[in-house]
Amino acid sequence: MRTQIVAGNWKMNCNLDEALHLLNDLKLKDFSKSNAKVIIAPPYTNLYPIHQNLKDSSIKISSQNINENEEGAFTGEISPDMLKSVGVEYVIIGHSERRAIYGETDDLLAKKVTASLKHDFKIMFCIGEKLEQRKADKHFEVVKEQLEKGLFHVSASDMKNVVIAYEPVWAIGTGETASPEQAQEIHEYIRKVLAEKYSQDVADQTSILYGGSVKPNNAKEIFAKKDVDGGLIGGASLDAKSFAEIVMSF
Ligand SMILES: O=C(CO)COP(=O)(O)O
């Protein structure tokens, strides 16, 4: 049985006051009624206070990025050890905004994956095609290549620490969602690629999340699909009521 996950990617939103407010609202929700594991990925500046605040909670903390180096002259960057020391358990790697806006390449992402596993983080590895690639019917080959270049140096045994997040770029923050059928089709394909690379066991045990305009009114239908094991939620994760409703879709 795969772990079902609903993760909130807060992106560059919430100063400390706003973050603690949102967290308090989330803590009032009874997530024990859901089968999903709940993860939040706040900005770096909120990680430690949130960790301190979540000590008795089942909510897990993720960072939105990580640097692949141990330490040193990398101005503005955050190391694996720094994230460990403030209670981070998960890291998001390869988000399309990091790929597109900050030029993160498959090679760099592969290094971030290696560094994260070395430091015992769990990874949410993001893949997904752009609109023109979808229109040209290239989405299958795009996600396969992203997996091969960024993730497939990971050993089969380390894959238990990897979650894949399929996020079609055309559906992120646009209000346009992949249909449940489109999500199922490509999630099934990703699982097939995992089975070919590793084994059916690894493929069957790897959670594959969908991300891209997931809202309370569409989550249930998307999550009901056989190969969709949860969601990576952007905008709707900034509102405790909406996020909780999405979590309760499981
Ligand atoms: O990028 C996303 C999560 O990482 C999805 O964002 P939205 O839910 O705002 O479309």
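**Briefing: a strand barrel and its ligand**

S213 is buried, with a relative accessible area of 10%; buried means under 20% relative accessible area, exposed over 50%, and partly exposed in between, with a 1.4 Å probe and protein chains only. This is a predicted model, in which local features need pLDDT of at least 70 and side-chain atom pairs count only at pLDDT 80 or more, while totals for chains, interfaces and linings use all residues. Residues are numbered from 1 along each chain as its sequence is written, and side-chain values use heavy atoms, with hydrogens and water left out.

**The barrel**

- The order β1-β2-β3-β4-β5-β6-β7-β8 describes 8 strands that close into a barrel with parallel pairing. Neighbouring strands of this sheet are turned against each other by 25° on average, direction ignored.
- Helices (H or I, at least four residues) and strands (E, at least two) are DSSP runs, numbered from the N terminus. Two strands pair if DSSP finds at least two bridges between them.
- Strands of a sheet pair through backbone hydrogen bonds, either parallel or antiparallel.
- β7 runs parallel to β8 (residues 230-233), and 2 bridges join them. G211 has L232 in β8 as its bridge partner.
- Helix α2 (residues 44-53) lies across β2 (37-41) and β3 (60-63), and runs at about 165° to β3. Axes are lines fitted to C-alpha atoms, for helices over the stretch in contact (heavy atoms within 4.5 Å), and angles run from 0 to 180 degrees between N-to-C directions.

**Two loop residues with positive phi**

- Most residues other than glycine have a negative phi.
- S213, in the loop between β7 (208-211) and α10 (216-223), has a positive phi near 55°.
- C14 belongs to the loop between β1 (5-9) and α1 (16-27). The phi of C14 is also positive, near 85°, and C14 is buried at a relative accessible area of 19%.

**The ligand site**

- Polar contacts are pairs of N or O atoms within 3.5 Å. A polar side-chain atom of N9 lies 3.0 Å from an oxygen atom of the ligand, and an N or O atom in the side chain of H95 is 2.8 Å from a ligand oxygen atom.
- G234 places a backbone N or O atom 2.9 Å from an oxygen atom of the ligand. The ligand has 310 Å² of accessible area on its own, of which the protein covers 97%; such areas come from the Shrake-Rupley method with a 1.4 Å probe.

Conventions:
Polar contact = N/O pair within 3.5 Å; in protein donor to acceptor, adjacent residues only side chain to side chain.
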